[in-house]
Amino acid sequence: MSNSKNTGDMSNLMRDAVLTVDYASFMITRTNPAAQQLSGYSPKELSGIPLTQLFPALSPALVHDALEQSGGDICYDEVLHSKDDRVILTQLRINTAPLKNALCLICVVRDITPIIKQQPALKESKRLYDSLVDAVPELVFRIDSAGTYLDYKIPRNLGLKEPRPEEIIGKKIKDIVPAYVNELAMPAIEKAIASGGVQMIEYDIEEPGGLHSYEARFVASVENEVIAVVTDVTPRKRAEASSLENQMTARALLDAFPDIALLMDREWTILATNQAFSKRYNKPIEQLIGTNALDPLPPAVAELRRRMGEKVLKTGKSEYFEDFNQGRHYLHSVHPLRNANGVADRIAAFARDITEQTRNQALLKRQQALLEGVAQATTRLLVEIDVELAVQTAINILGEKVGVDRVFVFKNHPHPQTKQPATTCWKEWIRPGIPSEKNKPVLQNLLWQTFGLQDWYDRLSQRDIVKDLGLLVQNLGDAAQNFPIQSLLVVPVFIDNEFWGCVGFDHRQVKHEWSDGEIDVLRMMGTSVGAAIAHQRAKENLRQAHEISEILRNVGMALTSTLKPEEIWGSLLEHAKRVVPYTAANVMSVEGNEARIVNVAGYEKVGMSNLEVKKVVFNVEENPIIRRMIQTRRYYRSDDTYADPLWVRVPGTDWLKSWLGVPIVAKGKVVGFFSMDATEPDAFDERAVEHITAFAEQAARAFQNALLFEDVQNLEQIKSEMIRIASHDLRSPLTRILNLCQKIEGNFPANHPAPEMSDLTHIREAAQDMNQIINELLSLERIEARYRKAEPLDWCKMIEYSVNISRADLEAKRHHLEVHCAADLPIGKGNSTQLEHAILNMIQNAIKYTPAEGKIEVRALLKTYTGQPVVAIEVEDNGIGVPAEEQAKVFEPFYRSRRSHSQEATGIGLGLSVVKTAVEDHRGRVYLDSVPGEGSLFGFWIPV
């Protein structure tokens, strides 16, 4: 049986279409069933029509020139036009072969439409796309429509020296390859971009080792870009050149077929094969002809193949199956071939390597699952209020999607004893059947410098990942039995450039190679965890800042309500405890060279008497810390008093481990200190310093106001005394003048000349006028002393001021506000600033305890109380209300209702007490009317 006969029979079994075309006329002379099925034409219709009827883009001249340049083997990605007007994207491989002493073309056509349809799915994931590029064992370039290199990949297995990026990226094709290659490449690139498909060129380059042949495929990528895959086909070209002349027809047909093809007798002896099979076993075709195809296979696989061949020859029916061989995945088909007598005596076998296709499909599926898992986990991290619950829920979702045995989150912190960098297992997800490790002692307060973890710390803190166990298992020793990890991936978590911790994934039962795409996706999880924690921190900082701001505002109002220094010192520590926890604390006043403790809190908890502590007096010159704070007017913090060289220990204070002192500066002079004591080292951080400094500034202003008030009182007293003295001193001479006038008038006769009497009368009247002026002056002083602090009260303006201050808070909770201010309100007398604060506090109270989109009404109206006219200011809301048992207490200082625990309400309970104090200073009263669940009305009235 001749080779041509064998190969002809085999072509009828091939899945790819095979066309035989006359070289000169370009007319189709022969086809196989696959060609008829693909084109829709019958065998009779196909025979005698030109090849250009199926492929309009081809021309005989183009094909002939390409065949001459390539040595007889070309490949195109071309559009086939079928009989029923379907447009099919195909891969067309053309070889020359002599048939019946005439040169013909063997055309193998493969439908690549399914492959092209897969491309959009692959492009959906850039990381998956990159991993596919990495898996290609050829040179890969990214090129734009102008022929400029944008990127490249050179696989390590090629053994080529990788050029520097600047040697390729940004350069043109014509700058890198010979001119004729550029002339071939640019039209192919333009055609690939225009068609959205694939174009291929072949070319030869003279290299130091001889002439090398290359095949370049240009695949349309993103807009105006192609991916170029360059393959060194020199070995194949040389093998084809050395083939025997009498095998040209069979080899042209089989070598054009990209899958493994074998023709065998019933004993599986190879009669004919192709280059794909030669490459599979790395042997020339000549050495493979005559050998048994089952010999290289494992015995069990060989026996299955033998039985398959017997079945095919016996039944006369083809068989199709898949299997794995030496790590590769193949799709097989085995077909019987009959001799002239109709007896099946040979076997045609085809094997297509679908390893990469299967691997890419699995990788795409896993990549999509990972992306979906990270997206779901990230969503939970962003919407969940409780960050601990959010992280746990996120790793639960991701654990199922990733397919690992354990997901864990570690957070960094200083070691409790050594203060060195340490980490603790914070959260964990485990697959059923895997033991938990979260609470194992070895994973709590784990020092980074132990068990070989220092290398992990260095890499993770530089935003690198860890995917090898390194020295961990070796250094764990016997404890390594408790951590049977087969593969591991750890990604860092950063918050504002701070290495916060890490998220890890491990397999306990199988080894797993993490792809670059998987690593990139799981890095996103570390980023999402960091973002969630940072978001929670920001919310907590904002909440604390809002609370501190309100506390400072209320404290400032409370401090300004008194002008006595001893009362100021007495209230500071109670307020400070609400923002900075301490074991014990005191306030010192500085007078001359002494710092004297004037108020204390908490010393009974450490076994010290508060009265005894108040007796302590520090000599400024003998205490270096106090002296430094007075000189610098800056705080001093001792994180460890036992290690502080400046610390002077007072007997009985062995318990004191850390200390914070903040000066109170008034008019550029230190007048006192805040002194905070703690039983643990490092008890006070920068935030504590910031908060206490704010209190110190409030105290300084209050103290300065108190001093100013004392000065004003002294001046008022001096002025009153001066008026009194001046009045007394003026009355005496005036009295004498009046007495003298009376005496002189008595000495004049009744008929004394009128001019002289008139002058005397004028003197007496002037003296009487001056006496009246003195009386009025003394009366005015008494009036001013009584009403000196009074000023006109414009009720509507005070309400407008308070509403404007609250505008941002109202908008934040989308409250509806109504303001009603009667136009005929009488203008009273009083302290407008004090009353504005009272109105503002009632509005803020309504905002705080009214759910979002609530209704608040502020009104000012004229009423009558016990027969006298009063102006009433009321704030009514539809909020949560005040329980009946608490309504009598809400105006007491520092009282906070239970309703604050169920709302996002902050504060220390001074707001309504400030309202009460301000109103009672104006001889008024506060009142409350509230129904729980329906709302509250807070109000006060002032007599006018």
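This is a predicted model: local features need pLDDT of at least 70, side-chain atom pairs count only at pLDDT 80 or more; totals for chains, interfaces and linings use all residues.
Which side chain does the side chain of Glu 874 make a polar contact with at 2.9 Å? One partner is Arg 859, reached side chain to side chain.

The protein has 944 residues, and 45% of them are buried. Among contacts with a separation of 6 or more, 55% link residues 24 or more positions apart. The accessible surface is about 48600 Å², with carbon and sulfur atoms contributing 53% of that.

Let's start with strand β14, residues 328-338. Of its 11 residues, 8 are buried, so the strand is largely enclosed by the rest of the structure. On one side, β14 pairs with β13 (residues 319-325) in the antiparallel sense, through 7 bridges. Asn 325 sits opposite Arg 328 of β14. The two strands make a hairpin with 2 residues between them, and Gln 326 in that turn has a positive phi of about 55°.

Then follow β14 onward into β15 (residues 344-353), again antiparallel, with 9 bridges between the two. One of the pairs to look for is Leu 337 with Arg 346 of β15. This is a hairpin too, with 5 residues between the strands, and here Gly 342 in the turn carries a positive phi, of about 80°. While you're tracing these strands, keep in mind that side chains in a regular strand alternate between the two faces of the sheet.

Next up is an open sheet of 5 strands, which you can read off in the order β18-β17-β16-β20-β19, with antiparallel pairing. At the edges are β18 (446-447) and β19 (487-495), each pairing on one side only. Inside the sheet, β16 (residues 406-414) and β17 (residues 421-430) run antiparallel and are joined by 9 bridges. To find your bearings there, look for Arg 406, which stands opposite Ile 430 in β17.

Two helices go with this sheet. Helix α17 (residues 387-402) lies across β16, β17 and β20 (498-507), at about 60° to β17. Helix α18 (residues 454-461) also packs on the sheet, where it touches β17, β19 and β20, and its direction makes about 50° with that of β19.

Is Ser 832 buried or exposed? Its relative accessibility is 17%, so Ser 832 counts as buried, the cut-off being under 20%. Beyond its neighbours within four places in sequence, Ser 832 contacts Glu 791, Leu 793 and Met 798.

That brings us back to Glu 874, which belongs to strand β31 (residues 868-877). With a relative accessibility of 5%, Glu 874 counts as buried as well. Besides the polar contact with Arg 859 at 2.9 Å, the Glu 874 side chain makes a polar contact with the side chain of Lys 863, also listed at 2.9 Å. Leaving out neighbours within four places in sequence, the residues in contact with Glu 874 include Glu 857, Val 858 and Leu 861, and also Tyr 927, Leu 937, Phe 938 and Gly 939.

Methods: Residues are numbered from 1 along each chain as its sequence is written. Side-chain values use heavy atoms; hydrogens and water are left out. Buried means under 20% relative accessible area, exposed over 50%, partly exposed in between (1.4 Å probe, protein chains only). Contact means heavy atoms within 4.5 Å. Accessible areas come from the Shrake-Rupley method with a 1.4 Å probe; for residues, only the protein chains shown count as cover. Helices (H or I, at least four residues) and strands (E, at least two) are DSSP runs, numbered from the N terminus. Two strands pair if DSSP finds at least two bridges between them. A polar contact is a pair of N or O atoms within 3.5 Å; within protein, one must be able to donate a hydrogen and the other to accept it, and residues adjacent in sequence count only if both atoms are side-chain atoms. Axes are lines fitted to C-alpha atoms, for helices over the stretch in contact, and angles run from 0 to 180 degrees between N-to-C directions.
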